[in-house]
Amino acid sequence: MTKLKLGPIADDTPVKMAVELPAGLHRALTLYGELLGRSGGQGPVAPQKLVVPMLERFLASDRGFAKARRNVNAGRRTED
């Protein structure tokens, strides 16, 4: 098989998930959205709009996860 410069294309199709949140966490997200809206000079941000950016920020800032992810990716490259 010909070795192409472009590797596999990642599937970026959004995935819909349904989760149940404890009431206290939902109240905290609602308040966070209200405070974020005020600080940005806009209306409140809905809790469901906060989940993705919060998870992305959390994963990006988790050093242990970043290290493990590099190790996993390095292992996948050596298997090719």
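**Surface, helices and contacts of the predicted model**

The accessible surface of the protein comes to about 7800 Å², and carbon and sulfur atoms account for 59% of this area. The structure described here is a predicted model. Of the 80 residues of the protein, 8% count as buried. The protein holds three helices and zero strands, and from the N terminus on its elements run α-α-α.

Part of the surface is formed by a nonpolar patch of about 530 Å². Val 15, Met 17, Val 19, Leu 21 and Leu 25 make up this patch. One of these residues, Val 19, lies in the segment before helix H1, which covers residues 23–39. Val 19 has a relative accessibility of 57%; because the cut-off for an exposed residue is over 50%, Val 19 counts as exposed.

Helix H1 has 17 residues. From its first C-alpha to its last, H1 reaches 24 Å, which is close to the 24 Å expected at 1.5 Å a residue. Within H1, the residues Leu 29, Gly 33 and Gly 37 are buried. Seen down the axis of H1, its buried residues fall within an arc of 70°, and they therefore line one face of the helix. An α-helix has 3.6 residues a turn, so residues three or four places apart point the same way. On the other side of H1, Arg 27, Arg 38 and Ser 39 are exposed.

Thr 30 also lies in helix H1. With a relative accessible area of 25%, Thr 30 is partly exposed, because this class takes in values between the limit for buried residues, under 20%, and that for exposed residues, over 50%. A polar atom of the side chain of Thr 30 lies 2.8 Å from the backbone oxygen of His 26.

The C-alpha atoms of Thr 30 and Pro 47 are separated by 5.4 Å, although the two residues are 17 residues apart along the chain. Pro 47 has a relative accessible area of 15%; since buried means under 20%, Pro 47 is buried. Thr 30, by contrast, is partly exposed.

Key: Residues are numbered from 1 along each chain as its sequence is written. Side-chain values use heavy atoms; hydrogens and water are left out. Patches are made of residues with over 30% relative accessible area and no salt bridge: like charges are joined within 9 Å, nonpolar side chains (Val, Leu, Ile, Met, Phe, Trp, Tyr) within 5 Å. Accessible areas come from the Shrake-Rupley method with a 1.4 Å probe; for residues, only the protein chains shown count as cover. A salt bridge is a side-chain nitrogen of Lys or Arg within 4 Å of a carboxyl oxygen of Asp or Glu. Helices (H or I, at least four residues) and strands (E, at least two) are DSSP runs, numbered from the N terminus. Buried means under 20% relative accessible area, exposed over 50%, partly exposed in between (1.4 Å probe, protein chains only). A polar contact is a pair of N or O atoms within 3.5 Å; within protein, one must be able to donate a hydrogen and the other to accept it, and residues adjacent in sequence count only if both atoms are side-chain atoms. The expected span of a helix is 1.5 Å times one less than its number of residues. The arc is that of the directions from the helix axis to the C-beta atoms.
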